[in-house]
Amino acid sequence: QVQLVESGGGLVQPGGSLRLSCAASGFTFSTYTMSWYRQAPGKERALVATITSTGGNTNYADSVKGRFTISRDNAKNTVYLQMSSLKPEDTAEYYCRGYDMRYDRRTPWGQGTQVTVSS
């Protein structure tokens, strides 16, 4: 079945870096646009970054532009989120999700990975 497994979260000091990974299985990963979302306590889930199926195009929320980089390895069915210059307001549960625009089809959510930015 379709599965997304996020990993790489943790506790980091302000200004630090983390790399999140999302391992996908059960679908044709290379045909899906992949995105990272985050949800802070008491807030709605928000889109952070998106990468097209070939990796040729990326988009970012204004709040993370210049600090976060999304990438993918279609041979490994994995999407990454490199996060740098982390701020306390980046604290959230981070999720990945796929979208197949050919069929307007989305993958289920993964379980998420917690990122906490605190001194």
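The model is predicted. The protein chain contains 11 strands and zero helices. One disulfide is found when the whole structure is searched, and four of the strands form an open sheet.

**Overall form**

- Along the sequence, the elements of the protein chain follow the pattern β-β-β-β-β-β-β-β-β-β-β.
- The radius of gyration of the protein chain is 14 Å, which agrees with the value near 14 Å that a compact globule of 119 residues would have.
- Taken along the principal axes, the box filled by the C-alpha atoms of the protein chain is roughly 45 × 25 × 25 Å.

**Burial, surface and contacts**

- Of the 119 residues in the protein chain, 39% are buried.
- The protein chain has an accessible surface of about 6,300 Å². Carbon and sulfur atoms account for 46% of this surface.
- Among contacts in the protein chain with a separation of 6 or more, 53% are between residues 24 or more positions apart. For this figure, a contact means that heavy atoms lie within 4.5 Å.

**The four-stranded sheet**

- The strands of the open sheet stand in the order β1-β3-β8-β7, and their pairing is antiparallel.
- The edge strands are β1, residues 3–7, and β7, residues 68–73. Each of these two strands pairs on one side only.
- On average, neighbouring strands of this sheet are turned by 15° against each other, with direction ignored.
- Serine 71 has tyrosine 80, in β8, as its bridge partner.

**The disulfide**

- The disulfide connects cysteine 22 with cysteine 96, and the distance from S to S is 1.8 Å. This pair counts as a disulfide because the cut-off for two cysteine sulfur atoms is within 2.5 Å.
- Cysteine 22 lies in strand β3, residues 18–25, and cysteine 96 lies in strand β9, residues 92–100. The two cysteines are 74 residues apart, and the pair thus links distant parts of the chain.
- The link of cysteine 22 and cysteine 96 is right-handed, with 50° about the S-S bond.
- Are these cysteines, cysteine 22 and cysteine 96, buried or exposed? Both cysteine 22 and cysteine 96 are buried.
- Strand β3, which holds cysteine 22, is also one of the four strands of the open sheet.

Methods
Residues numbered from 1 in each chain as written. Predicted model: local features only at pLDDT ≥ 70, side-chain atom pairs only at ≥ 80, totals over all residues. Heavy atoms only, no water. Pairing = 2+ DSSP bridges. Axes fitted to C-alpha atoms, helices over the stretch in contact; angles between N-to-C directions. Buried < 20%, exposed > 50% of the residue type's maximum accessible area, 1.4 Å probe, protein only. Rg over C-alpha atoms; globule rule 2.2 N^0.38 Å. Areas by Shrake-Rupley, 256 points an atom, 1.4 Å probe, with all protein chains shown as cover.
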